Structures are given as structure tokens and as C-alpha cells.
Amino acid sequence: MRVPIALLTLLVTIYSFDTDCKWKSNVTDVEDIAHHKYQVLEECLFYKLTRDADQMQGKSNALMLLPPTVAAGETLDVQILHVGIRQMWMSWKDRRLRWDPAEWKTDTLNIKSFGRLWVPDINSDKHQTASQSADFVTFQSLQSNNNGNISGRLEFRIQAHCDIDYTEYPSDIKHCCFNLQSSLYKRYIKYYLENEDETLDVKDIKTNWHIMNSWIKKDTQEGDNKAELLEVCVVARRRSTTLAVELTLPVLISALLLLIAPFFRKIKVKMFALLLQFMSFQFMAEKTPQIGFGATVPKIYIFYAFTLGVTVISLIQTVIIAAMSRIKRKVPPGRKSSFLRLHLKNLLSIKTVFEFYLKIIAHRYTLLASVLNANLCCGSEEDPVTDGTSTKDASADWVQIHSAFNNLASCITMIVYVIGAITIAF
């Protein structure tokens, strides 16, 4: 039993000798020693700093468990150096990590694991209540210099809260934000930004979203004005050409059918256009997110609803005018003709004068209708009668008048539609 005890004693003595790294006094330049020996030198330095911290703060593992300051009312200033999408570089000062570089031949110390050193407990503001989430925050690449200045990279993956603006869907805009804060040292840790207008570095991100704006700013925690937090926000717009084409194509078809339908002068054409518009809407509805758009109605849907509404109104007016044109009329167009006919017969009883005046009135209305039909979108009727000389059967003149009304209404409808479409788009 004495041999193993003696061997154990020898190993302890060797370990104590190694932790002191007395051989470092023979080193003139740290770059001249082997890589594994440099790692041993770092371990010796860290062990020495750990013992000194335990003596200073009166607790074992103080360097790992306790914050660097000991006086009441002191704060820890955390400097934010640079911010990426999922990384944040920061630095702070720990007085316990100070050494003489002339003695240890190095002015930097790499911390192998952040679990060996106290670091600010910076977490998501929902970290304590969302233990089942996939959020995580961890420190990497911790390094200290001989003055106790520690720098490190905070890596995080946090599910941000996003407000989505669907107005420009499918080019919808997301406003996403999340907070980073301390839960144990709320008033102790103070944040300072390297640049007041600090933005996120997004040059290496690969996504189908275009980052329009990003920022990080310092704020106070809710309910405690002395407790600080970091708010990280990103504003991004969807960038999906395929989806944009798939949604825009049905709308363009609907608008095109509305604009060309009046040129065919047939009710069946407008009904067919309406059917195709419903089919286009069904296709577009399949691309709608399952969760919907909330209280926001995208412009593309407003535009489509406006197109559908104008098509229905145009169809109704065409049906009404077509129904009126089928009525057999013996009275020529012009409301004054029947009124003057009665009075001319009673007062003058001059048939020749009455018929002459009646011809003039009828001719004016039918001539105006013929001019409108010839110059507006739909052209004139197939067999127009424009002289207004028939007093027995004026149906042809009335068809000409109704056709003119239909053409005029179609032109007005298209003008209103174009103005409305421009208003919706801009």
C-alpha cells in the first residue's frame, strides 16, 4: 500500500509544479515554444487567476460563479461592438483577469469554455417562461487581455415577434423584434453601443426576404426604468418572383376581360368574362396563407374585388338596356315629340307641320345615336335606321338609341375602372 501512496504523492507534487509553470522564466518569446506548451502556459495562467479570484472574493470558483465587481453600487459596462443576424460581439472588463505580461510572456488568454468564466446572463426576455422553445443564447470565442478586458461573441437563435403588413402582398413586409436582457443582474449590467445608429450586419444572410432596415437600440425593461435591455429589430420584405407572378396573372386576366368585353356588344361575352374572373379568383384564393391576413386586406384583393364589382355592374346595365331595346315602340325617340304632337293637333290641326317637326326631332336623336355608335367602342347596330321618318314603327330608332346608351355607359365604366385601379395601386 505504501508504493501507491508514494506514487500518488509524486503525481501531486508534479502537478503542483506544472501548475506553477516555472519553466516560463526560460522563455524569451512565446512564439518560440510549441503549440501544446503554449496551451499549458494558458492553463497555468488561468489556474493562477482562479486562485487569486478565490482569495479576493472569499469563495471557491469565484471566477466562474461571481461577477467581477465587489463594491456596492458598482455596475458592469457591456460594450456592443458589432451585431449580426445571429451573432453579437461585445466586451466588458473583469479586474480579476489581470496579469504581468512580462512574467507570463503573453498578453492574451483564450478561455476554452464560457462555463469556466462568469459572463453576463443575457437571454431572451421570454427565456424564463418559454422553457420548451428552441431559443438559445451562448457565448463563444471568449478572450481576455492582460488588462482584464474580455471580448466574446454572443450567439443566439430567438423566435422574434413579428407584425406582418399584408397591404402589398405578395410583397408583404415583416416587422420583427426581440429583446435581450439580464434576468439576475437587471440593474447591474449597463449596455453601451459602439455606434448610436447601430444596424445589423446582413451581408452574409441568404434568404428570400429583402432586409429593408434593421437596428439595435438600448431601452429599459418594463416596470423598472433602471434595468436596461437591448431591442433588436429587422424590417424585411418578401422577395418571391414566382409567387408574385402566380398572384398577379389572375388579376391581369380579370382586368383584361373587363376592358375588352364591351367591344363585343354581347351579354354572353360579359357573362363568360365574369365566369373566368371567378375562376381566376379561385386560383388566387388557393395562394392565400392558411392563417389569412388578419384585419388587413391586401391591395391585390381590393383590386380584384373592384374589378369583379365593375364587371357585375357593367353586366347589369347591359341586361337592362338590352331588355329595353326589345320593346316594340311606335313613338319615335324624343320625349318632346309626343307632347308636341298632342298640342299641335289640338291647337293648329295642321298635320303637315306636325309631321315635319316630328321628323326633325326623331332625326336629331337617331343621328346623335348613330354618331356615338360609330365613334365609341362598340360600333353601330347591324341594320340601323337613322332617318326617323317612320311614324308607325320606331323600334329600329330606339334600338339605335339603346345601343348608344350602352356604348356610352361602357366608356364611362372603363374610365371609372381605370381611375379606380390607379387609385388602388398608388
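In the predicted model, Cys 176 is buried, with a relative accessible area of 16%, and its sulfur atom is joined in a disulfide to that of Cys 162, at an S to S distance of 2.0 Å. The link of Cys 162 and Cys 176 is right-handed, with 110° about the S-S bond. Because Cys 162 lies in strand β7 (residues 161–165) and Cys 176 in strand β8 (residues 173–182), the pair ties together parts that are 14 residues apart in sequence.

The structure holds two disulfides, and the other joins Cys 177 to Cys 233, with an S to S distance of 2.1 Å. Here Cys 177 lies in strand β8 and Cys 233 in strand β11 (residues 224–238), so that parts 56 residues apart in sequence are tied together. The torsion about the S-S bond of Cys 177 and Cys 233 is about 115°, and the disulfide is therefore right-handed. Cys 177 is partly exposed, at a relative accessible area of 27%, whereas Cys 233, at 1% relative accessibility, counts as buried.

Helix α2 comprises 23 residues (residues 35–57) and reaches 33 Å from its first C-alpha to its last, which is close to the 33 Å expected at 1.5 Å a residue. Buried positions in α2 include Tyr 38, Leu 41, Glu 42, Leu 45, Phe 46 and Leu 49. In an α-helix there are 3.6 residues a turn, so residues three or four places apart point the same way. The helix α2 is followed by Gly 58, whose phi is positive, near 65°.

According to the unreviewed UniProt entry, the annotation "transmembrane region" covers residues 243–264, 271–289, 301–323 and 404–425. Over residues 301–323 the model is 100% helix and 0% strand, with the end C-alpha atoms 33 Å apart; over residues 271–289, the chain is 79% helix and 0% strand, and the end C-alpha atoms are separated by 30 Å.

The mean pLDDT of the chain is 75, and 72% of its residues reach 70 or more. Confidence is lowest in helix α1 (residues 2–20), at a mean of 46, and highest in strand β2 (residues 87–98), at 92. Over residues 1–17 pLDDT stays under 50, and the model has one contact beyond four places in sequence for this stretch. Residues 335–340 also stay under 50, with eight contacts beyond four places in sequence. Where pLDDT is low, the predicted coordinates should not be read in detail.

Definitions and conventions
Residues are numbered from 1 along each chain as its sequence is written. This is a predicted model: local features need pLDDT of at least 70, side-chain atom pairs count only at pLDDT 80 or more; totals for chains, interfaces and linings use all residues. Side-chain values use heavy atoms; hydrogens and water are left out. Helices (H or I, at least four residues) and strands (E, at least two) are DSSP runs, numbered from the N terminus. The expected span of a helix is 1.5 Å times one less than its number of residues. Buried means under 20% relative accessible area, exposed over 50%, partly exposed in between (1.4 Å probe, protein chains only). UniProt positions are given in the numbering used here, feature names are shortened, and annotations may be inferred rather than shown by experiment. pLDDT is the predictor's confidence in each residue, from 0 to 100. Contact means heavy atoms within 4.5 Å. A disulfide is a pair of cysteine sulfur atoms within 2.5 Å.
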